[in-house]
Amino acid sequence: MGSAFTLRARLRRGVVWMAGLLCMAALLPATTAKADNPIVQTIYTADPAPLVYNGRVYLYTGHDEDGSTYFTMKDWRVFSTTDMVNWTDHGSPLSVATFSWAKSDAWAGQAVYRNGKFYWYVPTTNRSTGRMAIGVAVSDSPTGPFKDAIGRPLVENGEIDPTVYIDDNGQAYLYWGNPNLWYVKLNSDMISYSGSATKVTLTTSGFGTRNGDANRPTLFEEGPWFYKRGSLYYMVFAAKCCSEFIAYSTSSSPTGPWTYRGTIMSTQGSSFTNHPGIIDYNGGSYFFYHNGALPGGGGYTRSVAVEKFTYGSDGSIPTINMTTTGAPQIGTLNPYVRQEAETIAWESGVETEASTEGGMNVGFIENGDYIKVKGVAFGSGATSFSARVASANSGGKIELHLDGVNGTLVGTCNVSGTGGWQTWTTVSCSVNGATGTHDLYLKFTGGSGNLFNVNWWQFSGNGQPSPSATPSQSPSQSPSQSPSQSPSQSPSQSPSQSPSQSPSQSPSATPTRTPTPPVTGACSATYRTTNTWSGGFQGEVTVTAGSSAISGWTVKWTLAGGQTISQVWNGTLTTSGSTVSVSNASYNGSLAPSASTTFGFLANGTASTPTVTCTGS
């Protein structure tokens, strides 16, 4: 943990603003929607670029630094969701420093999936020329880490804001520009292009009429978002500076000619810029944008928000206004599977940081801070709650409230000091009165200063749903399988089914764990059963590096009679008879001395405690 004075001051000011909303909400029925926009409150975010992949929405954003008086942006961020209201923070897998040739300015980009890889196109300033250039980063995972794909700019003409789309015939297009609009046809490798950049002829019939600026006769300003839906190609863009509004044009061809269709979001909010991102997901259409709605927000300290909308029968996009309500929740959240603490619908006071156990954790917690998780389905009732915590101080308490930060108290967990901010242990407490579906508030209380960190949490009890073949995959971990459809298409499976149909579980308050072997070799492994149900179980294995760093690892064990492994996440599975071998994924093989990572699996059969061995490289 480090200093976060500026951000915490901003968040503390936000408590007053949020308190007003909560006071109004207290007068309304418990089912009334409370503020969920902007969708990220721990930091300032801008320039949203959503991507549908494998039944999940991944949101790529810029990051405005606290207290900025210009577009001070050093890195890009990733968040994800399956229900459009509870968003998981995946941290920063890409920054200006990723590009050896870049000097500054992590501005608006977009990511796309193709051939098992994720390509993120971003504008940044070329150190040698001093001009804005478009770089491309690549990763095997939607949450990174990303690396520079070619070691130089992909294109450079001093203009910004790349958007990318892969057409039905496989041809990919990269558009970008301010003050002009350009495109290239990307090759199938996604890191090169054929021919030269083409400058789009901006006409008033194609992009609307701007008055009062002879040098900019059309409304097109910047921030294009290019995609196809049905037989129409869309060019959505930030229009007329300043302040900007969002407009759009359509065409029957990916390269025009374009026809101006009108305004989507008029000038509103406290940011003088705006930036669009549009997807179809789970049968609905969603419009992402940014504003300055958080405390301390404005044109250089922006925040991403989202609204649901419906296209007209002619493909038209309606006028959309900014709201504090945001998009409705898809389905419910299953509390009986492990949930990352950084999965948040709303928060007050907390921040996130990288965890030594992988992914992110919630930290910088002070007395009175809280996290809201929306639409939690407790069913017939939860009986206990567990959380992974760490504290270099004396700890505090996690109070579990329903439907409000001071709503019905259903449990309180005590957190003691663990000797370090990344020295983790699991605490549990009993729960009473958590039935049905409610918004869950994790309220943190204790003494002064930072209290403790939280990595994940989970309920157990009589209310868990029936098991299915879908594991309770940690949202901060990347799926190990390829998608069955193009990311531009809506997923065939409702994402609300995944959390509600995960395996039923009955974990004990303290899961059975194999003794931890001494960490003296290349690596060691410990196993624990996390969930059990009739006919199956879920397990986790933690890999810990020895006294030296490792660049890869493999864990092996022998299955007991009747056991089979159906899926692994955060690792790569191979089997030979009854012998199971799980090797690291592309993003978690490198471990510093004594560092750890965890993978999980879903199995058929009766749970047992195997002897696991680890080989490092």
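## Overall composition and confidence

The chain has 617 residues, of which 59% are buried. Its secondary structure amounts to three helices and 41 strands. Of the contacts that join residues at least 6 apart in sequence, 65% link residues at least 24 apart.

The mean pLDDT of the chain is 87, and 85% of the residues reach 70 or more. Residues 1-33 have pLDDT below 50, and this stretch makes 52 contacts in the model beyond near neighbours in sequence. In residues 466-520 the pLDDT is likewise below 50, with 149 contacts in the model beyond near neighbours in sequence. Where pLDDT is low, predicted coordinates should not be read in detail.

## Strand β8 and its partners

Strand β8 covers residues 117-126; nine of its ten residues are buried, so the strand is largely enclosed by the rest of the structure. Strand β6 (residues 102-104) pairs with β8 in the antiparallel sense over two bridges, and Ala102 stands opposite Asn126 of β8. Strand β7 (residues 110-114) also runs antiparallel to β8, to which five bridges join it. In that pairing Ala111 stands opposite Trp120. Strand β9 (residues 132-139) is paired with β8 in the antiparallel sense over eight bridges, and the bridge partner of Thr124 in β9 is Ala133.

Two hairpins involve β8. The hairpin of β7 and β8 has two residues between the strands, and Asn115 in the turn has a positive phi of about 50°. The hairpin of β8 and β9 has five residues between the strands, and there Gly130 takes a positive phi near 75°.

## The β25-β26 hairpin

Strand β25 (residues 351-354) is joined by four bridges to β26, and the two run antiparallel. The bridge partner of Ala354 in β26 is Met360. Five residues lie between the strands of this hairpin, where Gly358 takes a positive phi near 100°.

Strand β26 spans residues 360-363; Met360 and Val362 point one way from the strand, Asn361 and Gly363 point the other way, and all are buried.

Strands β19, β20 and β21 form an open sheet in the order β19-β20-β21, with antiparallel pairing. Its edge strands are β19 and β21, each of which pairs on one side only. The twist averages 25° from one strand to the next. Between β19 and β20 the antiparallel pairing extends over five bridges, and Ile279 stands opposite Tyr286 in β20.

Four strands form another open sheet in the order β38-β39-β36-β41, again with antiparallel pairing. The edge strands here are β38 (571-576) and β41 (613-616), each pairing on one side only. Neighbouring strands of this sheet are turned by 20° against each other on average, direction ignored. Within it, β36 (residues 553-558) and β39 (residues 579-584) run antiparallel and are joined by five bridges; Trp557 has Val580 of β39 as its bridge partner.

## Aromatic pairs

A pair of aromatic rings is described by the distance of the centres and the angle of the planes. With 6.5 Å as the limit for the centres, the count comes to 42 aromatic pairs. In one of them, the rings of Phe272 and Tyr300 have centres 5.3 Å apart and planes at 80°, so the pair is edge-to-face. Phe272 lies in the loop between β18 (259-265) and β19 (277-281), and Tyr300 in the loop between β20 (284-291) and β21 (303-309), so the pair ties together parts that are 28 residues apart in sequence. Phe272 counts as partly exposed at 25% relative accessibility, and Tyr300 counts as partly exposed at 24%.

The rings of Phe444 and Phe452 also form an edge-to-face pair, because their centres are 5.7 Å apart and their planes stand at 80°. Phe444 counts as buried at 1% relative accessibility, and Phe452 is buried with a relative accessible area of 0%. Elsewhere, one aromatic cluster is formed by Tyr165, Tyr173, Tyr175, Tyr183, Phe226, Tyr233 and Trp258.

Notes. Residues are numbered from 1 along each chain as its sequence is written. This is a predicted model: local features need pLDDT of at least 70, side-chain atom pairs count only at pLDDT 80 or more; totals for chains, interfaces and linings use all residues. Side-chain values use heavy atoms; hydrogens and water are left out. Rings of Phe, Tyr and Trp (its six-membered ring) pair if their centres lie within 6.5 Å; planes under 30 degrees apart count as stacked, over 60 as edge-to-face and the rest as tilted. Buried means under 20% relative accessible area, exposed over 50%, partly exposed in between (1.4 Å probe, protein chains only). Two strands pair if DSSP finds at least two bridges between them. Axes are lines fitted to C-alpha atoms, for helices over the stretch in contact, and angles run from 0 to 180 degrees between N-to-C directions. Contact means heavy atoms within 4.5 Å. pLDDT is the predictor's confidence in each residue, from 0 to 100.
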